[in-house]
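Try each task yourself before reading its solution.

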Amino acid sequence: MIDRETILHVANLARLELKDDEVDKLKEDLGNILNYFTTLNDVNTDDVAPTFHPFPINNIFREDIVKESFSVDDILSNAPSSVMTYFLVPRIVEEKNGN
Amino acid sequence: METKKFTIGELIKGYKNKSVSPREVLDYVFNNIKLYQPKINSFITLMEEYAYKSVESLSFDEIDSKPLWGIPVAIKDNMCVKGFKTTCSSKILEPFTPIYTATAVQRLIDAGAIVVGKTNLDEFAMGSSTENSAFFTTSNPWDMDRVPGGSSGGSASAVSARFVPLATGSDTGGSIRQPASFCGVVGFKPTYGTVSRYGLVAFASSLDQIGPFATKVKDVEAAFSVISGKDDMDSTSHPYKFSPVDKNIKEYKIGIIKELYETEGFDPEVLNSLKDVIKLLKEEGLKVDFCSLPHLEYSLPVYYLVATSEASSNLARFDGVRYGLRVEGKDIIETFLQTRGRGFGSEVKRRIMLGTYALSSGYYDAYYLKASKVRTLIVNDFEKAFEDYDCLICPTSPTTAFKKGDKTNDPLSMYLSDIATIPVNLAGLPGISIPIGLDKKGLPIGLQIIGKPFKDNDILNFASKIESIINFEAEPSLLGGR
């Protein structure tokens, strides 16, 4: 129903590092669950609109007024790593010669 | 203190006539927690010092204006309380201390409630037994070898063990009602949107709802009166106006959901208990009939596709950059992979994988879109049923509390435990579970009452009336020693 490559592809999309035994278990579990879900194909949904939200809601704009918010110190208080007013993360951009 | 007096109404009566003080009640609360918490494990964090400080700041002049004056409350550990860890029972959030308080919690505090601790749950509220907590498993106070249900098992067990008269839960597919049923207490999931979710860690945004646990319907109603209503911090919140209903029970037309009555997998003892209730209702002169929700059988696949899809998106924020665990890799991508790979437990990974798959290119139409269309048919079934009935009833869960470890290796059988509660979230309806009896093993059985959208006060009134007819007074045997 679902192969190892697909599991690894989806895990990469979800940014989840999986151990080998986890891949095997997920292959089995997701296979079973998706197989059970095929029952939905028995339902005719031609001309049925999807429901993404239980009740119709629209975007609500608030007045554009300045309000007090959190301080930078508060926001950074949970950061695993920070410097000055920034969250610090490992290098994202490759280093070029001369930079 | 007698456990029967450990309700909001009785406590406030005691406070008013000065036969007991909030401080003495806190002594009672923390004493019981010290004695029984090691066995039951309801709490992840206790807030003893904070609670005693809060009691100091209560002014007796405000007892009439604050409906929860001096009432101890436990908070599910996926709701933020400023300055106290909010873990979601996950390693990935273990180091997280919120810098603000959830609106629902703040409203309880503003109404005079005293927060005493944060309760255990299935990691990120994903589960039906509280066994998916990354820290420890919670026991059912009625039988320590059994699960309290989930995901709000910590809160349900805390009320059941009479640690607290009131606790909060969140309900995405039954996470308030199913544990309430397993623990023999009342659990209420209000209509979607009536309680602000600001400060609740999101699981599935089109389904999540906050609600209260207590031992009596009047007590969950008191909590709901405080936490419901519009909040500017949650754009999905609804301007619900709490207004008590006092209608004669004879005025209600009741539908028994056929698909959750004559179904395989439902314990005969649970169904017999429901039959007893139906008999009582008929004796009271109510109109009770069978109704049909033909698409109900598809609720489980629809729910698991919708909920996991939304969860895979909501949980993308846990990346080790701004808060929580970080497992540093050689670059940012490896940091994401390792942080999430080690921070999330197996059920959360399973659901993120399922949701990511259902939303991924090439599968979206076949899974997520298809499920969202079948969801419409389920919503329509309810609408049609409510043309003829005011409330629908069914068992809250097909069985009573199961043993620890019984379902941990079979995700599908665990999911089936929520078969009766899940459809209610898909349609955003209010639902309440009340205890109606015990099975032969002495475990509580719950009745679910489902109402029309935004008719929360209507079903609370019905639930309260039926509660007084059934008169369920049993308590876990461990309370006999108090």
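**Exercise 1: Two packed helices**

H2(B) passes H3(B) in a right-handed crossing, where right-handed means that the near helix is turned clockwise from the far one by less than a right angle, and left-handed anticlockwise. This is a predicted model, in which local features need pLDDT of at least 70 and side-chain atom pairs count only at pLDDT 80 or more, while totals for chains, interfaces and linings use all residues. Residues are numbered from 1 along each chain as its sequence is written, and chains are lettered from A and ligands numbered from 1 in the order in which they are written.

Task: At what angle do H2(B) and H3(B) pack?

Solution: Start by finding helix H2 (residues 22-40) and helix H3 (residues 48-56) of chain B. Helices (H or I, at least four residues) and strands (E, at least two) are DSSP runs, numbered from the N terminus. Next, take the angle, which is about 165°, with the axes 10 Å apart; axes are lines fitted to C-alpha atoms, for helices over the stretch in contact, and angles run from 0 to 180 degrees between N-to-C directions. H2(B) and H3(B) are therefore roughly antiparallel (angles over 145 degrees count as such). Finally, look at who meets whom: residues of H2(B) including Leu26(B) and Phe30(B) meet residues of H3(B), among them Tyr52(B) and Val55(B).

**Exercise 2: A strand and its neighbours**

Task: Which strands pair with S4(B), and in which sense?

Solution: First, S2(B) (residues 72-76) pairs with S4(B) in the parallel sense over two bridges; strands pair if DSSP finds at least two bridges between them. Here Val73(B) stands opposite Leu166(B). Then turn to S6(B) (residues 210-214), which runs antiparallel to S4(B) and is joined to it by five bridges. In this pair, Ser170(B) faces Ile210(B).

Solution: Five of the five residues of S4(B) (residues 166-170) are buried, so the strand is largely enclosed by the rest of the structure. A residue is buried if 20 or more other C-beta atoms, placed from the backbone, lie within 10 Å of its own, exposed if 12 or fewer, and partly exposed in between. Leu166(B), Thr168(B) and Ser170(B) point one way, while Ala167(B) and Gly169(B) point the other way.

**Exercise 3: A helix span**

Task: What span should helix H9(B) have?

Solution: H9(B) has 16 residues (299-314), which at 1.5 Å a residue should span 22 Å; the rule is 1.5 Å times one less than the number of residues. Its end C-alpha atoms are 22 Å apart, which agrees.

Terms used: Parallel < 35°, antiparallel > 145°, perpendicular 65-115°, else oblique. Contact = placed C-beta atoms within 7 Å.
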